[in-house]
Amino acid sequence: MSSGFVTGLFSIPEGMAYASIGGFAAPLGLWSGVVPTIVGSMLARTVLMVTTLTSAIALSSQSVMAAAGLDPGDVGGIATLTVLVGLIMLVMGLLRMGSVMAFVSTAVMTGFTTGIAVQILAGVVNDATGYSPASSNTVGKLVEAVAHVGDWDAPTVAVALGTLAVWFIARRVRALRALATLVALVVASIVAFLFARDVETVADIAAVPRSLPPFTLPDLAAFPALIAGAVAVALVALAQAAGIGAAVANPDGSRADASKDFVAQGAANVAGGFFGALPTGGSLSRTGVATSAGARTRWAGIFAGVSLGLIVLLVGPVAGEIPMAVIGGLMLIIGAEIIEGRVADIRLVARTSTGSLAAMAVTFVATTALPLQQAIFIGAALSIMLTAVQNSRAGRLVEVVRGRDGWTVHDAPAVLPSHRTTVLHYSGHGFFAEVGPLDEEWPDTSGVTDAALVISVRGSLGVPSATFLKMLGRRSAEMREQGVGLVICGVPPRLHALLERTGALEALGPENVVAATSTLMESVDRGHARAEEMRAQLRAREE
């Protein structure tokens, strides 16, 4: 219960700050931590995951609302977006699409989250300095703000810097480390109330009511304009939450399930949409606060939502006295922490490959220069392209030779040797992009006599494409005409059924397709024996 109370307190500054950087009324950030957090914690398979508003979701939602021509103050439009995001998450979860997050690569997510961090920094320039940049470009705002330091408002800057100082000091005290953000919020707000009364406050933007989350109804007319954007927000939320299961293990040792977490977050958004919440997803920062405060069960998240609702109900208007400069200072910290947390990933991606580095750079540029819903689609497309390129390079042929001490591995021969049986092992998925390189590696069989070829596919060809099967059929026909035997061995039941269904089994000859067995290399031995029979039969015909 105590960890839930601490998380609920932490949700006040962070929730309001996230809503503000998205251009939404600050109270919406509070409501986003009540009903969605309770429902999400009740249903999540990752039991310690806290479902609430995050910076990326807030900024993505802002972009989607703007693209749909809706005002961020349109309560019905916000409810529509939140419910739509929830329905999309629910469908993805019920269809067991948790594995789809595997297609959002580390390179893309690194570029995306780093771009989000830069957006956060650019988005709070006005709150932290009192200067409002005219540039519409994210990086341009930062450059313009630095170039106009003389136009910054001194009291606003002083409050923001004071917030940073208090946070820094609190982080150095072990007992206050988990509460550093909350301590900075309270201390800096009190000091500003006493010595900087002219600084803009949350109440100057929107009143914080002393009430439970209000019941809101979606605007049905906004559904068509928000559907595509809702998909993008859902992907952003799910991509962020996907890493929580790996980073925060379940205390009882049970395994996380991304698809069931999708369902939990979907239900949280559908419910939250009717109670004043912005779209929500798994929050690593809020989950980290909960675990640091001693959370051991899902009740921590449930109590976090309940505690936040009670705090707002009892002392809600007090939150309206929080200076926007304090929230701006806190958001500068959050943005810097996100960038700091990604430095290791940036280095890793940069050292991995040129393609990964390019994907990260393109996603970063798209995130800082385009609406976020477009950036996430671009990032997803880049991830899929990288996956396709990597898969196309995965397939290769190697020769396996049986000797006194067992089987040894060698490079595949360019020309199939005559007067013996050659065994090659194929390592790949049967992906259509693998066909070209595989076709080039296939040994030349023209002019070959008294020869046979065994292709082992054990552990490979998980999802063979039609292009792959077509190439295999063509090679089989060529070899048959040339009097060269071909045997496929190590074939699992699923692949055997596919070969039969497509007619490839009949073309290859059922007797020339050897099933996989539980004994390693047994199918190779059987395939080799069958190939030797074929050679003997061909020699007998020639004689």
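Is Thr368 buried or exposed? Let's start there, and keep in mind that this is a predicted model.

So, Thr368 sits in helix α17, which covers residues 354-369. Thr368 has a relative accessible area of 8%, and because the cut-off for buried is under 20%, Thr368 is buried. Who does Thr368 touch? If we skip the neighbours within four places in sequence, Thr368 has contacts with Gly115, Val118, Gln119, Asn137 and Thr138.

Now for the opposite case. Phe195 is part of helix α10, residues 180-195. Phe195 comes out at 70% relative accessibility, so Phe195 counts as exposed.

Okay, back to the inside. The largest nonpolar core has 80 residues. Which of them touch the most other members? That would be Met16, Leu30, Val202, Leu226, Ile322, Ile327 and Met331. As for helices, α12, residues 223-247, gives the most to this core, with 10 residues.

Let's zoom in on Met16. Again leaving out neighbours within four places in sequence, Met16 is in contact with Ser11, Ala26, Gly29, Leu30, Val202, Val208, Ala319, Ile322 and Ile327.

One last stop. Apart from that core there's another one, made of 28 residues, including Leu469, Leu486, Leu495 and Val513.

Definitions and conventions:
Residues numbered from 1 in each chain as written. Predicted model: local features only at pLDDT ≥ 70, side-chain atom pairs only at ≥ 80, totals over all residues. Heavy atoms only, no water. Helix = DSSP H or I, 4+ residues; strand = E, 2+ residues; numbered from the N terminus. Buried < 20%, exposed > 50% of the residue type's maximum accessible area, 1.4 Å probe, protein only. Contact = heavy atoms within 4.5 Å. Core = buried A, V, L, I, M, F, W, Y, C linked by side-chain atoms within 4.5 Å.
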